[in-house]
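User: I would like a close look at a single part of this protein, with its surroundings described carefully enough that I can follow along in the coordinates.

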Amino acid sequence: MKLILAIVQDKDSNRLANEFIDSNIRATKLSSTGGFLKSGNSTFIIGIDDNRVQEALDLIKETCQARKQYVSTPVSLDLSLDGQVPYPVEVEVGGATCFVLPVDAFQQY
Ligand code: 2BA
């Protein structure tokens, strides 16, 4: 058995949860926050048999799309001005960031 941790954008999370139900893939959805953008995203915990890992990853890949986002970053002006002005920087947020971990034991009570 493996544990997949999949961090996806909130916009894709409901559709992905429904795809998991349709495919009989058990998952838990957590609300999470990206460390860089500090905005909400969703993390799925998926416990799955080894022989279905690729199926789950394919489903995530098909369902989640990359999008561009703008983040307002204070930038120091290298001029006589002392202040900082917010400067919009384009960031491409990936469709999904996935980790696949081994599972030592799985028990349900
Ligand atoms: P955030 O940390 O909010 O990052 C959003 C996007 O900002 C990233 O998209 C990346 O394009 C950009 N970014 C992140 N850190 C950066 C930096 N130090 N400098 C410049 N740009 C930066 P993704 O890479 O697709 O990541 C989407 C979300 O997945 C992340 O949201 C974070 O919540 C999670 N994530 C990505 N890599 C991770 C990792 N190695 N470990 C844990 N979580 C990760």
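Which residue in β3 is the bridge partner of Q9? Please start from there and take me through the part of the structure around that strand.

Analyst: The bridge partner of Q9 in β3 is N41, and since the model is a predicted one, everything that follows describes computed geometry. The pair belongs to the pairing of strand β1, residues 2-9, with strand β3, residues 40-48, which runs in the antiparallel sense over 8 bridges. Elsewhere in this pairing, L3 stands opposite G47 in β3.

Two of the facing positions can be named: S31 stands opposite S42 in β3, and T28 stands opposite I45 in β3. The strands β2 and β3 form a hairpin with 6 residues between them, and within that turn K38 has a positive phi of about 55°.

These pairings are part of an open sheet of 4 strands, in the order β2-β3-β1-β6 and with antiparallel pairing. The edge strands of this sheet are β2, residues 28-33, and β6, residues 96-102, each of which pairs on one side only. From one strand to the next, the twist averages 20°. Helix α1, residues 10-22, packs on the sheet, where it touches β1, β2 and β3, and its direction makes about 20° with that of β3. Helix α2, residues 53-63, packs on the sheet as well, touching β1, β3 and β6, with a direction that makes about 0° with that of β1. To place these elements in the chain, the protein has 2 helices and 6 strands, and from the N terminus on its elements run β-α-β-β-α-β-β-β.

Leaving aside its neighbours within four places in sequence, I46 is in contact with K2, L3, I4, F20, I25, R26, A27 and I60. I46 also belongs to the largest nonpolar core, which has 14 residues, and together with I4, F20 and I60 it is one of those that touch the most other members. Each of β1, α1, β3 and α2 supplies at least two residues of this core, and α2 gives the most, with 4 residues. In soluble globular proteins, nonpolar side chains tend to be buried together. Across the whole protein, buried residues make up 26% of the 109 residues.

Helices α1 and α2 pack at an angle of about 145°, with their axes 10 Å apart, and their crossing is right-handed. The residues that meet are D12, R15, L16, E19 and F20 in α1, and L59, I60 and T63 in α2. By type, the residues of this contact divide into 4 nonpolar, 1 polar and 3 charged.

Leaving aside its neighbours within four places in sequence, L59 is in contact with L16, E19, F20, S23 and I25. L59 and F20 are 39 residues apart in sequence, yet their C-alpha atoms lie 8.1 Å apart in space. The C-alpha atoms of E62 and G95, which are 33 residues apart along the chain, are separated by 9.2 Å. As for the protein as a whole, among contacts between residues at least 6 apart in sequence, 66% join residues at least 24 apart.

Definitions and conventions
Residues numbered from 1 in each chain as written. Predicted model: local features only at pLDDT ≥ 70, side-chain atom pairs only at ≥ 80, totals over all residues. Heavy atoms only, no water. Pairing = 2+ DSSP bridges. Axes fitted to C-alpha atoms, helices over the stretch in contact; angles between N-to-C directions. Contact = heavy atoms within 4.5 Å. Core = buried A, V, L, I, M, F, W, Y, C linked by side-chain atoms within 4.5 Å. Buried < 20%, exposed > 50% of the residue type's maximum accessible area, 1.4 Å probe, protein only. Left-handed = near helix turned anticlockwise from the far one by under 90°. Nonpolar A, V, L, I, M, F, W, Y, C, P; charged D, E, K, R; others polar.
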